[in-house]
Amino acid sequence: EFAEISWDAHLKRNQSIIVDLFQGQLKSTVECPDCSKVSITFDPFLYLSLPLRLRKQRNFKIHILKLDGSPPVQYILPVRKSDRISSVKEELIRMNAIEADSRILISQIGNHRIYSFIKDSEKISGISQSDFTLLYELYPRNREEITCKFIHKKKKGELFSHPFLFCFNMEEIT
């Protein structure tokens, strides 16, 4: 009943469509620790601040381009936002998607070009979910090699597909 009295008093001073549609009333109860007296008040509000639960995980999409010439394979890994790229590599090894001793490069692709290589220490939270992430498998470390990047083009100069990164053994091309 006291709630209705408080709300009617508020409406006498504040009458508008905004009040009708968006305002409400919040009940506050306070108890004195010394005398145990309870005080109840009803206060109008226009909005309430509520905490939002932030997701601590996300799905990380990565495509793997192997040396054997097979088409890229997409993997979607559930990861913590605080994880680093090294944990993505560990998960791919655990899934047998890449070999433990593989030498790889992970890149971000934009507009059909490599615009950055991602370091193992980089946090996953720094990589947008809309980015196209491509893992290149390279030759083992014990080989002398040169690396070439190929970008595919259409006749009118428009780019298409994803850039390929090839490593050639120096012994094979000399």
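The structure is a predicted model, in which local features need pLDDT of at least 70 and side-chain atom pairs count only at pLDDT 80 or more, whereas totals for chains, interfaces and linings use all residues. Residues are numbered from 1 along each chain as its sequence is written, and side-chain values use heavy atoms, with hydrogens and water left out.

The protein contains four helices and nine strands. Along the sequence, the pattern reads α-α-β-β-β-β-α-β-β-β-β-β-α. Of the 174 residues, 25% count as buried. A contact is defined by heavy atoms within 4.5 Å; among contacts between residues at least 6 apart in sequence, 50% join residues at least 24 apart.

Five strands form an open sheet in the order E4-E3-E7-E5-E6, and their pairing is mixed. Strands E4 and E6 (113–118) are the edge strands, each pairing on one side only. From one strand to the next, the twist averages 35 degrees; for such angles, axes are lines fitted to C-alpha atoms (for helices, over the stretch in contact), and values run from 0 to 180 degrees between N-to-C directions. Two strands are taken to pair if DSSP finds at least two bridges between them. In general, strands of a sheet pair through backbone hydrogen bonds, either parallel or antiparallel. Strand E5 (residues 103–110) and E6 run antiparallel and are joined by five bridges. Within this pairing, Ile106 has Ile118 of E6 as its bridge partner.

Salt bridges were assigned where a side-chain nitrogen of Lys or Arg lies within 4 Å of a carboxyl oxygen of Asp or Glu. The count by this rule is four. One of them joins Lys66 to Glu137, with the closest N and O atoms 3.9 Å apart. Because Lys66 lies in the loop between strand E3 (57–65) and strand E4 (73–80), and Glu137 in strand E7 (residues 132–138), this pair ties together parts that are 71 residues apart in sequence. Lys66 is partly exposed at 26% relative accessible area, whereas Glu137 is buried at 15%.

A further salt bridge links Arg80 and Asp83, with an N to O distance of 3.0 Å. Here Asp83 is buried, at 13% relative accessible area, while Arg80 is partly exposed, at 48%. Arg94 and Glu91 also form a salt bridge, and their closest N and O atoms are 2.5 Å apart. Both residues belong to helix H3 (residues 85–94) and are three residues apart, about one turn of the helix. Arg94 is exposed, with a relative accessibility of 58%, and Glu91 is partly exposed, with 25%.

Accessible areas were computed by the Shrake-Rupley method with a 1.4 Å probe; for residues, only the protein chains shown count as cover. The protein exposes about 12,800 Å², of which carbon and sulfur atoms supply 53%. A nonpolar surface patch of about 700 Å² is made by Ile17, Ile18, Leu21, Phe22, Leu46 and Tyr47. Patches consist of residues with over 30% relative accessible area and no salt bridge, like charges being joined within 9 Å and nonpolar side chains (Val, Leu, Ile, Met, Phe, Trp, Tyr) within 5 Å. Tyr47 is placed in the loop between strand E2 (38–45) and E3 and is exposed, with a relative accessible area of 63%.

How values were computed
Helix = DSSP H or I, 4+ residues; strand = E, 2+ residues; numbered from the N terminus. Buried < 20%, exposed > 50% of the residue type's maximum accessible area, 1.4 Å probe, protein only.
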